[in-house]
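Please open the structure in a viewer and keep the selection tool at hand.

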Amino acid sequence: MKFQIEARKRTQQGSGASRRLRRQGRVPAIIYGGPKEVELIDIDHNEALLNLAKEAFHSSVLTLRVDGVAESVVLRDSQVHPWKPLVLHCDFQRVDTEHLIHQRVPLHFVNAEMAPGVKLSGGNVSHVHNDIEVSCLPQDLPAFIEVDLKDLESGHSIHASEVALPAGVKLVLHGDDYVVASIPARKSGAGADEGEAGTAA
């Protein structure tokens, strides 16, 4: 999925200027990164609100047109009101085809119903992490990564390092090789049955 966002440059900053923009249906934002300076921009609020509701918007290279000049960016941060459907601010980072980027990509879990731990043992899949951080060139950034659960058995887990990644994409770990999904082993019912029998006696 491709996203193109129309933006315009702004010169005023501060809380007062931001409030005025929001009253006009605009969202204050910035672009940073690369050889250029940080640039102040604003974007249409309704467009931003709709895009932020789409999973792919958070893990795609976006085309940001600032006063008609296109730049490739990724969304780095967004601030929304705690309970109102109101976008307060967005941060975009410039990217180019020559430099690697780090980005969190959502995981899509498939074939859970075929997993032996579910089909044969009656277990349930636990999604421990719903995204992972990867490193790649912007043109290789996937919108999502599939995690195939068809071989997962009861009492076993899939770690981040075991997730199959697309060509040109590498996993970024900041510590332990964490679990992304598991099927906890079911406890035997024998002990519970004995306890019930003892109570009844």
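**First stop: the largest pocket**

Strand 5 (69-80) and strand 6 each contribute at least two residues to the lining of the largest pocket. Strands (E, at least two residues) and helices (H or I, at least four) are DSSP runs, numbered from the N terminus. This is a predicted model, in which local features need pLDDT of at least 70 and side-chain atom pairs count only at pLDDT 80 or more, while totals for chains, interfaces and linings use all residues. Residues are numbered from 1 along each chain as its sequence is written, and side-chain values use heavy atoms, with hydrogens and water left out.

A pocket is defined on a 1 Å grid over the protein atoms alone, as an open set of points where a 1.4 Å probe fits, with protein on both sides within 12 Å along at least five of seven lines; lining residues have an atom within 4 Å of a point. The largest pocket has a volume of about 150 Å³, a volume being the space filled by probe spheres set on the points, which are joined across faces, edges and corners. Select Gly 33, Gly 34, Arg 94, Val 95 and Asp 96, which are the closest to the pocket's centre of the 13 lining residues. The lining comprises four nonpolar, five polar and four charged residues. Here Ala, Val, Leu, Ile, Met, Phe, Trp, Tyr, Cys and Pro count as nonpolar, Asp, Glu, Lys and Arg as charged, and the others, Gly among them, as polar.

**Second stop: salt bridges**

Side chains of opposite charge can pair when their charged atoms come close. A salt bridge is a side-chain nitrogen of Lys or Arg within 4 Å of a carboxyl oxygen of Asp or Glu, and by this rule the count is 10.

Select Glu 39 and Arg 94, whose salt bridge has its closest N and O atoms 3.6 Å apart. Glu 39 belongs to strand 3 and Arg 94 to strand 6 (residues 87-94), so this pair ties together parts 55 residues apart in sequence. Both residues are buried, a term for a relative accessible area under 20%, with exposed meaning over 50% and partly exposed in between (1.4 Å probe, protein chains only).

Next, select Arg 8 and Asp 42, which meet in a salt bridge of 2.7 Å, N to O. Arg 8 is in strand 1 (residues 4-9) and Asp 42 in strand 3 (residues 39-44), 34 residues apart. Is Asp 42 buried or exposed? Asp 42 is buried, at 2% relative accessible area, whereas Arg 8 is partly exposed at 33%. Asp 42 also forms a salt bridge with Arg 26 (2.7 Å, N to O), and Arg 26 is buried as well.

**Third stop: an aromatic pair**

Rings of Phe, Tyr and Trp (its six-membered ring) pair if their centres lie within 6.5 Å; planes under 30 degrees apart count as stacked, over 60 as edge-to-face and the rest as tilted. One aromatic pair is counted by this rule. Select Phe 3 and Phe 57: their ring centres are 5.2 Å apart and their planes stand at 80°, so the pair is edge-to-face. Phe 3 and Phe 57 are both buried.

**Last stop: Gly 122**

Select Gly 122, in the loop between helix 3 (116-119) and strand 8 (126-127). Its C-alpha atom is separated from that of Glu 39 by 55 Å.
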